[in-house]
Each structure stands twice: as C-alpha cells, then as structure tokens.
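My entries follow the display.

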Amino acid sequence: MSSFSAARPLSEHRMETIHGIEQMKATAREACAKDRTLGLVPTMGALHEGHLSLVRRAREQCSAVAVSVFVNPKQFGAGEDFEKYPRTFEADRAALEKLGVDYLFAPPSEEIYPSGFRTEVVVEGLGERLEGRSRAGHFQGVATVVLKLFEIAGPQYAFFGRKDAQQVRIIQQMARDLNLGVEIVVCPIVREADGLALSSRNVYLEGEDRRAAPALYRSLDAVRREIEAGERGAARLLATLRRVLEAEPRVALDYAEIVNADTFEPVERLQKVCYALVAARVAGVRLIDNALIELVNGSFRATL
C-alpha cells in the first residue's frame, strides 16, 4: 500500500464528473501512472455530514479522491424505498467540489447493470443474520456493486462509515478473500446534536417521529454507562437496550444484539472487540445504530 499523502490545497480546484465506466477506468489508470494514491468514497448520494466526513478523511490520506454516487437497485428489497430514496445530485456535486474531490463518478444504472447482467457476489457466513435476515438480498447487492466500483476505480483506500458495521465487515472480508488490493478505512459515526446517527433516510422523519428516533442512541448510551460501571454480561446489557427502546412507543424494535466484531455472532460476555447493534422502525423508517465495545488497557469501553 502507498503511504499517506498530504492533503492538496483547494485553490483553483475543479472536480471532474464522470458517467462512463471506461472513462473512470482510464482516469484511475492515469492517476496511478502519476503515482497518486487514490481514495474512493462509495455513496448513494443524498449526502450529509457523515458522508462528507469520509471525504475529508480521504483527502487527508490520499493525493486523489473519487466519490461515487449511485443509488444501487440491487441492495433494495421488495417494498423498500428505491423509488423514493432521496436524490439530490446537484447539491451533492456542489458539496463535493467544495471539499476538493477530484472525480465524481455518477454512472447510470444501465452502465453498472447492462442488459444480461447475471453475477452476484455472496460473502458467506457474515450476512445471513441481523441486517441480512431483515433485508433479504441486501448484502449481495452491496457486495456486488462495491466489487464493481473497486474494479472500475482501482483505489488503494476505500472509506466507509461505522454506522453500517455489518456491511463494512462484509466488504473487508470480500476485499481480503479476493485480493483486491484496497484497504478499507472505517470512520466514526457522525451524529445529530441529540445523538441520532446521520442517515439519508432521516429526512423522512418529522415532528414526534423525529423526536422519538434518538431512542436508539439513548439505548446504546445506557449500555455504555453500564459497561463503564463494570457490567460484562450480554444478557443484562441487552435487557437495558430493549428497556430503553421499548419505553418509546413510536419505536418498533427489529433487533438488539451484542456480537463478536469479527464473526457477528452473539456473545454471552463481552469479548476483546464487540458491537452492540440495534435496528428499529420509526413511522416505517428503518434506522440502525451501534456502539463499538473494545478492551483497552484492561478495561472495556464503548464508543458511540
């Protein structure tokens, strides 16, 4: 892997918008020929501060940055919100140019999935539970499009947010198994002032529903406090998660689990690295959140 490079000045910056795969491949090859370290931030657009934090991290670490904007139909299940998913391309483009992104890759769907497309990427053993159980086919769709983006852009680094912890773990496994030569950089969750994890779907929430949504954060924060007080048993911590969530009548819990961060299998007691994971619906809007639990200098700590 190339070493990290200093961020570039933003003066007189001009971002290149690319729609075709062959043009993106050629651009990436040119960057490589100039010995530039390319970082990729894959997105579905409707950019918020969470996405922009990934872009800033990429600019710090890489001498060239590409951001993809593609609403991937293969990761939406039947009855999900593909058609109404927020699309704010012009605002996204302006925000990315302001941050000094070099290349915006925004392919049409027929470019990524041409007629006759038949291939699907399955990472076995990590995607059957939790999000994979609740959203059948979701992770296959994510892995397939991310593999295509890695092949097209050829980045040395790719940047993802920790909010989608299970998704990130699957992408890490895929990159390792297939020798893709890309390092997956996992970045912190970015939150609203009341703790709600940023998500493009938050725009669907209004009024009392929006005020109820931070219950996910409050449940994880309650677990954090119990861990700091010495609790190590998963059953007690899960009971706390559920108690806080069930106290908010507008929240319909999908799952709450504490899992090993490598296998995403449930644990009975805290291990060296774990996740506390929650998923719920508020007014039909599906939200996920997590806390990363780590053993540091002999003590467990939870990072929200």
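**Entry 1: Surroundings of Thr240**

I looked up the neighbours of Thr240 and found that Thr240 touches Ala222, Val223 and Glu226, leaving aside residues up to four places away in sequence. I note that the model is a predicted one. I then located Thr240 in helix α10, which spans residues 234-246. I checked its accessibility: Thr240 has 4% relative accessibility and therefore counts as buried, the cut-off being under 20%.

**Entry 2: Helices α9 and α10**

I next examined helix α9 (residues 215-228), which packs with α10 at an angle of about 150°, the axes lying 8 Å apart. The two helices are therefore roughly antiparallel. I recorded the crossing of α9 and α10 as right-handed. On the α9 side, the residues making the contact include Ala222, Val223 and Glu226; on the α10 side, Thr240 is one of them, and Leu237 and Leu241 are also among them. By class, I noted 10 nonpolar, 2 polar and 4 charged residues in this contact.

**Entry 3: Helices α1 and α6**

I then turned to helix α1 (residues 21-33) and helix α6 (residues 138-153), whose axes are 7 Å apart and which pack at an angle of about 55°. This angle makes α1 oblique to α6. From α1, I listed Ile21, Met24, Lys25 and Ala28, which meet Glu151, Ile152 and Ala153 of α6.

Terms used
Residues numbered from 1 in each chain as written. Predicted model: local features only at pLDDT ≥ 70, side-chain atom pairs only at ≥ 80, totals over all residues. Heavy atoms only, no water. Axes fitted to C-alpha atoms, helices over the stretch in contact; angles between N-to-C directions. Helix = DSSP H or I, 4+ residues; strand = E, 2+ residues; numbered from the N terminus. Parallel < 35°, antiparallel > 145°, perpendicular 65-115°, else oblique. Contact = heavy atoms within 4.5 Å. Buried < 20%, exposed > 50% of the residue type's maximum accessible area, 1.4 Å probe, protein only. Left-handed = near helix turned anticlockwise from the far one by under 90°. Nonpolar A, V, L, I, M, F, W, Y, C, P; charged D, E, K, R; others polar.
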